[in-house]
Amino acid sequence: MNPTIKTINGPVVVAKNASSLKIREMVSVGKLKLIGEVISVEGDLATIEVYEDTSGLAANEEIVATGRPLSVRLGPGLLKNMFDGIERPLEKIKDENGAFIPSGIGFENLDEEKPWDVDIKVAAGDSIHVGDIYATIMETKTIEHRLMSTVDGKITEVRPSGTYKLEDTIVKVDTIEGEKELKLYQYWPVRNPRPVKKIRPLELLLSTGQRVLDVFFPVAKGGTVAIPGGFGTGKTMLQHQFAQYADADIIIYIGCGERGNEMTQVLEEFPELIDPNTGYGLMERTILIANTSNMPVAAREASIYTGITIAEYFRDMGYHVALMADSTSRWAEALREISGRLEEIPAEEGYPAYLGSRLSQFYERAGYFTNLNGSEGSVTLIGAVSPSGGDFSEPVTENTRRSVNVFLGLDRKLAYSRHYPAINWLTSYSNYVDTMRPFYQEKTGEDIIAVRNELMNVLLQEDEVRSILMLVGKDALSDAQRNILDVSELVRVGFLQQNAYNDTDKFVPLEKQIQMLNIIRNYYHKSSDAVKEGVPYNKVYSPDLINDITQMKYTIKNDELDKFTVLNNKIESHFLGLKGGEY
């Protein structure tokens, strides 16, 4: 007797006569053939998480097992596409069914009718192993799709290079389990990490062109990043900056439980963005996964696993992938709702007790690896967190903090004062600062971390001085304290603040960032020395010089680095003039 529905509680269905079902097995539920996943089996009963709207299901309807876990189909057609949380193409669904996703449309994903130009890379008689590349397809103008074997064995038959569709068999392999066919795709269970040959140390900078990230809070390729912030602090905008300017080969953006209008904005803006590295549209190397707040809550829970599995697939080809999850708070809310339906004992603020372990399992799939085929690739995970009221002590933010190495706390006061990116330098940190020191030295020949630490110390001193300022007023400050306020403003406004709408300032190469740092440090040293030598503060302070340094991010173009010498000479002349004129 096949399993049948016993009870329905939102996205949770309990099945009877279900002893034949297996944990994590994908099933078809009821007459509507809804997609579900078995999450527990107890005796004759099984609990099933359904990834579609369960309206219309009835008791005693049949449940059919598929024999495989919840999996995604990986192959050409992923790039430039938009999927829901279980990899169903939204554009195709809209064309066929209208604005809303109907129940029971099945597990459609990649286009089976589209022809692809396939370049075969193997020959009959060759040995092949899991992960080996047997064919390539130029999927977009910039990305070559590499088809990888899922079996070990000896190749017995190969079709010639040419045009094929997704379901065409192009290679046959003799394995210990018999003959296997390799097509233009493979399936992979979303909750299982893809295997690698070796985990490599994180030594390369994920360059973003954003000064606060590249120097003050660097992100390593293969690293983990959390971006917590309240409403309106710029989480989505910062992730857009990552997507457009990070030197990753593939971008995967997951809109996890976000409002429909926010995802609409993403879907409208991304196709218009130009990739500065290639000159083509950013969508040529981008995959969008949209699971808005009005979509089934269970599919939202699955969406980040779908995204990370696709990311690992491209990593195995030898690409560097950056994945943005916006936001993991909405994902955690989906966990909380499902946990409540399952009548599990709640932990802090109603979240399940396993919230921390689920978050860590997700972030642990990031890294820089040597793949099974010998190539190198990485997955960098960047998760936005939306704490209620901007409270960073709530469970999702706290558990995320334990799982990541870069914490970019967004500040509402900075955002409302138009300081973007609104990253609070006092609450944020990066554990990759010292790790990146050899990278900076090799790239530039300078110890950038020493300069960074020196100017970071200025910002810490500014915080102390402002506390004193609130008590006694500016007139009671010493000349050295006034100078600290001037230099800290140069760091904050002249370096950390960046204008995404200015053509010169929206992306800044590392070479220019270093020149800007050195200018500010040079002024800091000269002004501090002058104050120590007794030069009156009103002589040290030059409004024109301060303005020139603050505006250098706009006035000196990214390819005009020789102009920094002129600005440096102006600083030298100012302080030499103080000594020559005896104050």
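This is a predicted model: local features need pLDDT of at least 70, side-chain atom pairs count only at pLDDT 80 or more; totals for chains, interfaces and linings use all residues.

Reader: Which side chain does the side chain of Gln513 join in a polar contact?

Author: The side chain of Gln513 joins that of Asp214 in a polar contact of 3.0 Å. Gln513 belongs to helix H13, which covers residues 510–532. With a relative accessible area of 0%, Gln513 counts as buried, because the cut-off for that word is under 20%.

For contrast, let us visit another helix. Ile468 sits in helix H11, residues 448–472. Ile468 is partly exposed, at a relative accessible area of 34%. Together with Leu471 and Val472, Ile468 makes a nonpolar surface patch of about 300 Å².

Reading across, the order is E1-E2-E5-E4-E3-E6, and the pairing is antiparallel. The edges belong to strand E1 (4–9) and strand E6 (63–69); each has a single partner strand, so one side of each has no neighbour in the sheet. From one strand to the next, the twist averages 35°.

With E6, E3 pairs in the antiparallel sense over four bridges, and the bridge partner of Ser28 in E6 is Val64. E3 pairs with E4 in the antiparallel sense too, over four bridges, and there Met26 stands opposite Glu37. The hairpin of E3 and E4 has four residues between the strands, and in this hairpin Gly30 takes a positive phi near 70°.

Another open sheet has four strands in the order E10-E13-E15-E16, with antiparallel pairing. At its edges are strand E10 (127–128) and strand E16 (178–182), each with a single partner strand, so one side of each is left without a neighbour in the sheet. Strand E13 (residues 153–158) pairs with strand E15 (residues 171–175) in the antiparallel sense over four bridges. Val158 has Val171 in E15 as its bridge partner.

Let us finish with strand E21, residues 286–291. This strand is mostly covered, with six of its six residues buried. Thr286, Leu288 and Ala290 point one way from E21, while Ile287, Ile289 and Asn291 point the other way, and all are buried.

The pairings of E21 given here are parallel ones. Strand E8 (residues 82–83) is joined to E21 by two bridges, and they run parallel; Phe83 stands opposite Ile289. Strand E20 (residues 250–256) pairs with E21 in the parallel sense over six bridges, and Cys256 has Asn291 in E21 as its bridge partner.

Terms used. Residues are numbered from 1 along each chain as its sequence is written. Side-chain values use heavy atoms; hydrogens and water are left out. Two strands pair if DSSP finds at least two bridges between them. Axes are lines fitted to C-alpha atoms, for helices over the stretch in contact, and angles run from 0 to 180 degrees between N-to-C directions. Patches are made of residues with over 30% relative accessible area and no salt bridge: like charges are joined within 9 Å, nonpolar side chains (Val, Leu, Ile, Met, Phe, Trp, Tyr) within 5 Å. Accessible areas come from the Shrake-Rupley method with a 1.4 Å probe; for residues, only the protein chains shown count as cover. A salt bridge is a side-chain nitrogen of Lys or Arg within 4 Å of a carboxyl oxygen of Asp or Glu. Buried means under 20% relative accessible area, exposed over 50%, partly exposed in between (1.4 Å probe, protein chains only). A polar contact is a pair of N or O atoms within 3.5 Å; within protein, one must be able to donate a hydrogen and the other to accept it, and residues adjacent in sequence count only if both atoms are side-chain atoms.
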